[in-house]
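Visitor: Could you show me how to read a helix and a buried side chain in a model like this?
Guide: Gladly; let us look together.

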Amino acid sequence: MTSYAVLFISALMAATILPMQSEAVLVGFLVAGQKPVAYLLIIATLGNVLGAVINWGLGRAVRRFEGRSWFPASQEQMQRAQRWYLRYGRWSLLASWLPIVGDPITVVAGTLRESFWPFVALVTLAKGGRYIALAAMTVPWL
């Protein structure tokens, strides 16, 4: 049970701004072969999606502080992110699995008031798909 908690927490933290490598944790458990692959994929996906939901919620909440001196993004950066998101729309959430840009996409979706359930569906597809692909590349070599 502890290994599932470690995987869940690493996946959750990896979906936020914290530098974590949930992929390495997942591969470690896959290589160890002590847990069912399906369970590991579900736990990792749930943790990562919950982290993205936290980002979405932060995006919704932080918008009211825009323009203050301590706000982490300039007006220009916010406008650029909004233009990019509006150009590609909610389908850009399919890129939420990507390193560096994926987490900010989920925050921007929140600031632009993306609907919750389409957000969850697209992020789950993207992040779950990444973990499935990773497992497919790892398991055959065992």
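This is a predicted model: local features need pLDDT of at least 70, side-chain atom pairs count only at pLDDT 80 or more; totals for chains, interfaces and linings use all residues.

Guide: Residues are numbered from 1 along each chain as its sequence is written, and side-chain values use heavy atoms, leaving out hydrogens and water.

Visitor: Which residues of α4 are buried?
Guide: An α-helix has 3.6 residues a turn, so residues three or four places apart point the same way. Here the buried residues of α4 are M78, Q82 and Y85, where buried means under 20% relative accessible area and exposed over 50%, with partly exposed in between (1.4 Å probe, protein chains only). Seen down the axis of α4, they fall within an arc of 70 degrees, taken from the directions from the axis to the C-beta atoms, so they line one face of the helix.

Visitor: Which residues are exposed on the other side of α4?
Guide: Those are E76, R83 and R87. The cover over the buried residues of α4 includes α5 (102–111).

Visitor: Is S10 buried or exposed?
Guide: S10 is buried, because its relative accessibility is 3%. This serine lies in helix α1 (residues 2–14); helices are DSSP runs of H or I with at least four residues, numbered from the N terminus.

Visitor: What is S10 in contact with?
Guide: Contact means heavy atoms within 4.5 Å. Leaving aside neighbours within four places in sequence, S10 is in contact with M20, S22 and V25.

Terms used:
Helices (H or I, at least four residues) and strands (E, at least two) are DSSP runs, numbered from the N terminus.
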